[in-house]
Amino acid sequence: MAEIVIDRVVKRFGSFNAVDDIAMRFADGEVACLLGPSGCGKTTLMRIIAGLERPTSGRVLFGGRDVTGLAPRQRNVGMVFQYPVMYPTLSVAENIALPLHYDRSVSAAERQKRVEAVLDVLDIRDLAGAYIEELNAGNRQKVAVGRAVARQSEIVLFDEPTTNVEVNAKLALIRAFKAVTQRLRQTIVYVTHDQTEAMTLADRIALMQSGKIVQYDQPQELYNNPTTEFGGWFLGNPGMNFIPAAVAGGRITAPILTEALPAPAGLKPGAAVTLGIRPELVRMQGEAGPGTVPAILTDQAIGIAGRYLTKARIGDVVIKVNTEGVPPSRLGGTVHLCAPRARLMVFADGVRVAT
Ligand code: ATP
């Protein structure tokens with residue numbers, strides 16, 4: 001069992017809480033991504049799990065065992081960093097095999113078997129005899145991953161491993177990570193600020209903001225049902241629209257609505273209420289129709305795969321719309337927007353309210 005439990009962990013640097021009282025559980029055999037903007041505390045939390053950083057308070061448990069006081073090497077975790085540490089005078093296969101030499105329980109035959117299995121799953125068998133300095137950054141990272149997983153430790157930690165890999169090699173590297181994680185079922189914690197990487201790799205994503213986990217969910221759930229404005233904004237390209245709304249007499253009104261919505265129960269008086277909707281769920285058409293509101297097309301970027309990213313203004317509220325096909329008007333012209341009611345989410349003071 002390699003479930004990881006983070007039990008009310010705080011990490012303070014001076015008076016600043018880099019990790020702010022986090023309690024969570026990474027399930028055995030799952031790939032969890034820690035995702036969030038720069039400085040939100042992802043790396044600090046990962047370093048605490050690795051034992052490279054001691055928490056100011058709280059505990060870390062692996063499979064029910066308290067490891068808070070243990071050094072990294074006593075924790076038996078594999079690690080992959082931004083800058084892999086490699087031995088240039090050894091071949092790829094020798095680099096992967098190296099940590100296994102220190103494990104007396106692994107025979108030479110077993111060592112060979114594991115190295116070959118890793119070379120296969122990472123699709124680098126043809127590089128087995130190459131030296132590290134002959135490899136590009138993407139393949140170096142594959143070797144680093146191979147070395148981390150060949151030990152068969154129950155937990156493997158990744159800290160932004162694609163940061164220094166050029167765009168074209170990135171995809172192949174992520175594909176290799178995916179193959180490894182699906183095959184080996186080790187418990188994996190993967191730190192990234194890249195939402196595409198997290199959406200591709202993770203069984204579940206822990207979204208972080210200011211030292212806290214704001215949501216821990218499956219990727220699609222995080223995208224479709226953000227519990228905070230921050231989550232709706234951070235995920236998506238571009239993120240969700242938040243349209244300022246007014247609440248009076250149990251009804252919500254907003255510039256995108258043709259009819260007021262019933263206000264959800266429990267809405268605090270005076271709360272800042274917004275209606276959230278993803279740009280691809282707003283409909284834009286040339287003619288007025290049921291539920292549409294007129295708007296001025298202010299911005300039109302050519303998108304990909306026949307979709308256009310546009311902006312349209314209703315009064316002084318700007319709404320991002322991802323259209324299917326060419327927008328129905330020129331810039332500066334009038335378009336008609338419809339935000340389907342079932343797709344609108346209500347947020348109060350930045351937090352989703354049940355509707
Ligand atoms: P990035 O993606 O930029 O690495 P991150 O989410 O991984 O960001 P951390 O590296 O965990 O963030 O840092 C969280 C906060 O803690 C940052 O504001 C950082 O400046 C601060 N911090 C991290 N390590 C230290 C340290 N040793 N001393 C003081 N402050 C630190």
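**Close-up views of a predicted model**

**View 1. The shell around the ligand.** Helix α1 (residues 42-50) contributes three residues to the shell around the ligand, the most of any element. Helices (H or I, at least four residues) and strands (E, at least two) are DSSP runs, numbered from the N terminus. The residues around the ligand are F13, A18, G36, S38, G39, C40, G41, K42, T43, T44 and H193; each has its C-beta atom, placed from the backbone, within 6 Å of the ligand. This is a predicted model, in which local features need pLDDT of at least 70 and side-chain atom pairs count only at pLDDT 80 or more, while totals for chains, interfaces and linings use all residues. Residues are numbered from 1 along each chain as its sequence is written.

**View 2. Helix α3 and its neighbours.** In helix α3 (residues 92-101), V92, A93, N95, I96, A97 and L100 are buried, that is, 20 or more other C-beta atoms lie within 10 Å of their own, these atoms being placed from the backbone. These buried residues pack against α4 (108-121) and α5 (137-150), where contact requires C-beta atoms, placed from the backbone, within 7 Å.

**View 3. The surroundings of L34.** Leaving aside residues up to four places away in sequence, L34 touches K42, L45, M46, V189, V191, A206 and M208.

Key
Buried ≥ 20, exposed ≤ 12 C-beta atoms within 10 Å, placed from the backbone. Contact = placed C-beta atoms within 7 Å.
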